[in-house]
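Biologist: I have a new structure open and would like to go through it. Can we take it step by step?
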Amino acid sequence: MSIPKNPDIRVRFAPSPTGYLHVGGLRTALFNYLFARKNNGSFILRIEDTDRKRYIPGAQEDLLKTIKEVGLDYDEGPIIGGDYGPYIQSERSDLYRKYAQELIDKGAAYYCFCPEERLEKLRNEAKENNTAVMYDGKCRNLSLEEVQEKLARNIPHVVRLKIPQEGSTVFYDVVRERVEVDNALVDDQVIMKSDGFPTYHLANVVDDHLMKISHVIRGEEWLISVPKHIFMYESLGWKVPKFVHLPLLLNPDKTKLSKRQGDVAVEDYLAKGYLPEALINFIALLGWHSSDDREFYTLEELIKAFSLKRISKSGAVFDVEKLNWMNGSYLRNLDLEYVAERAKPYFEKAGLDILDHKKYLKVVDNARNRSATIPEMIAHSEMFYNDLAFSAEYKDIVSKENAQKLFEFWIEHLSSHESWSEDEIKDMVKETTVVIGVKGKELYSPLRLALFGEVHGPDIPTLIDILGTKEAIARLKSVLNA
RNA sequence: GGCCCCAUCGUCUAACGGCUAGGACUCAGGAUUUUCAUUCCUGCAAUAGGGGUUCGAUUCCCCUUGGGGUCACCA
């Protein structure tokens, strides 16, 4: 029933479960997803939890939940499994140990027994000299005997990459094109920690190879570590995947998007009432753009239009203003029932009795025209459910003689039948002008105040339509002789 | 600071080496509306600077400047 996947296109999103899904992470996930779907490839989810110090219980579950909520379904990964599992790195320790040993055997890596204090000293010296912090290679050429002896004595150790000291590494990134790094400037990166867990670099390369990843699509912060990865691929005799380094998402001050300068957690945006559709659409346009002026895309349309070739090189500021605009637009254009369904929890939390579904839909339809996010809709809706409270100024307007006469007139007329069309209400307005002799602001202000509690707001036919004739009359009566 | 990456309106961005540098957000003004909101229209606003190459550079090359990333037994 389903078409077989193209084995040449396999990409992964590999988050670290350290708390929440970062919007930058969502963008990375999205681009991976789009590329996979566009090419009938596989989108794999892998959990990179090799840092036990940063382990946060429940973070992994939250991550999966959020990814599901925004509609990015994966083909292989935790829970659903796949042919290349397990998809959680902490369950793959044997693999990393095996390949670390292989790198050592091949002379591409070595045991390092330097204590933390020594490295600390090295770091401080480098800082003082204003140079890059690099391991000085003390353990690089330990003899086999020395290594055996230290291992036998259980001296804590790590495994480091034995990066060549001459030459340079050249690679081609799909976005950056040619990048060249001098090998002498590449550090002897730790690949196995003293706790027996691998670092990102080893785990990532091993898994990407074993999981047959074809394109490594990730944030630009990884660009500089590519030479280390290439060194491992080549030392192990493995095929190097294609690299695609995405431009960073930025704070308004152009630094890498971070907490402190606003929300960065996808779940925060979701909780604040942004629609997944809008969030996805907005984020897709950060660092990617089609050749035309189009800005609105469903996920399906994004898949169709997506291309790695059109990813931009420079970082993109995450502009909440534009997100607000886009979310508001989605709010207004998505199916009303759908928006109403999404808004439900917010209305319920605000204590509004929305059991009358027909009325609720009308309320939502009115509010969505005036809001950028769902929570904002509450402020435009409360008055349709709660008793109205008037300020002294408003009381004044309502109690004016003409206003009172106007109310009496409307109560009487509205009582004549159950439902009123827009035109009929408009006719009544005209009639009011003739009979009572009020018009314009003098007519609409008290009327809207009585029905809605505010001077500004929806037009009168809409108000009466939402409220229903009965409630409209009740409200008019309550301001009579008030 | 070393290394790497980047550079079009304030922001997101478009422009086979060839129109008056286009669109969107924001902001300002206007139209529609009894008001508010929506919607529509108009406007403000950019090729960082300097050298080349070329008949012609936003576009290609170099330098400068600016910004960012990275420099962990974190990812």
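Biologist: What share of the contacts in chain A with a separation of 6 or more comes from residues 24 or more positions apart?
Modeller: Such residues account for 73% of those contacts in chain A. Keep in mind that this is a predicted model.

Biologist: OK. How many helices and strands does chain A have?
Modeller: Chain A has 20 helices and eleven strands.

Biologist: And what is the radius of gyration of chain A, next to that of a compact globule of 482 residues?
Modeller: Chain A has 32 Å, while a compact globule of 482 residues would have a value near 23 Å. The C-alpha trace spans about 110 × 55 × 35 Å along its principal axes.

Biologist: What percentage of the residues in chain A is buried?
Modeller: Buried residues make up 49% of the 482. The accessible surface of the chain is about 24300 Å², and carbon and sulfur atoms hold 50% of that surface.

Biologist: Now charges. How many positive and negative side chains are there in chain A?
Modeller: There are 65 positive and 75 negative side chains, and the centres of the two sets lie 4 Å apart. Side chains of opposite charge can pair when their charged atoms come close. The structure holds 28 salt bridges.

Biologist: Show me one. What does aspartate 73 pair with?
Modeller: Aspartate 73 forms a salt bridge with arginine 37, at 3.5 Å from N to O. This pair links distant parts of the chain, 36 residues apart: aspartate 73 is in the loop between helix 2 and helix 3, and arginine 37 is in helix 1.

Biologist: Is arginine 37 buried or exposed?
Modeller: Arginine 37 has a relative accessible area of 18%, so it counts as buried, the cut-off being under 20%.

Biologist: Which residue does glutamate 422 bridge to?
Modeller: Lysine 426, with the closest N and O atoms 3.2 Å apart. Both residues lie in helix 17, four residues apart, about one turn of the helix. Glutamate 422 is partly exposed at 45%, and lysine 426 is partly exposed at 41%. Elsewhere, salt bridges that share partners join Arg12, Arg46, Glu48, Arg92, Asp207 and Asp208 into one network.

Biologist: What about arginine 448, which salt bridge does it have, if any?
Modeller: Arginine 448 has no salt bridge, although it is buried. Aspartate 459 is the nearest side chain of opposite charge, 6.7 Å away. A salt bridge needs nitrogen and carboxyl oxygen within 4 Å.

Biologist: Where is arginine 448, and what does it touch?
Modeller: Arginine 448 is in helix 18, residues 441-452. Leaving out residues up to four places away in sequence, arginine 448 touches several others, among them Gly453, His456, Pro458, Asp459 and Leu463.

Biologist: What is phi of asparagine 40?
Modeller: Phi of asparagine 40 is near 55°, which is positive in a residue other than glycine. Most residues other than glycine have a negative phi. Asparagine 40 sits in the loop between helix 1 and strand 2, and asparagine 40 is partly exposed at 28% relative accessibility.

Biologist: And what is phi of lysine 212?
Modeller: Near 55° for lysine 212, again a positive value. Lysine 212 lies in the loop between helix 6 and strand 8, and lysine 212 is partly exposed at 49%.

How values were computed:
Residues are numbered from 1 along each chain as its sequence is written. Chains are lettered from A and ligands numbered from 1 in the order in which they are written. This is a predicted model: local features need pLDDT of at least 70, side-chain atom pairs count only at pLDDT 80 or more; totals for chains, interfaces and linings use all residues. Side-chain values use heavy atoms; hydrogens and water are left out. Helices (H or I, at least four residues) and strands (E, at least two) are DSSP runs, numbered from the N terminus. The radius of gyration is taken over C-alpha atoms; the globule rule is 2.2 Å times the number of residues to the power 0.38. Buried means under 20% relative accessible area, exposed over 50%, partly exposed in between (1.4 Å probe, protein chains only). Contact means heavy atoms within 4.5 Å. Accessible areas come from the Shrake-Rupley method with a 1.4 Å probe; for residues, only the protein chains shown count as cover. Lys and Arg count as positive and Asp and Glu as negative; His and the chain ends are not counted. The place of a charge is taken as NZ of Lys, CZ of Arg, CG of Asp or CD of Glu.
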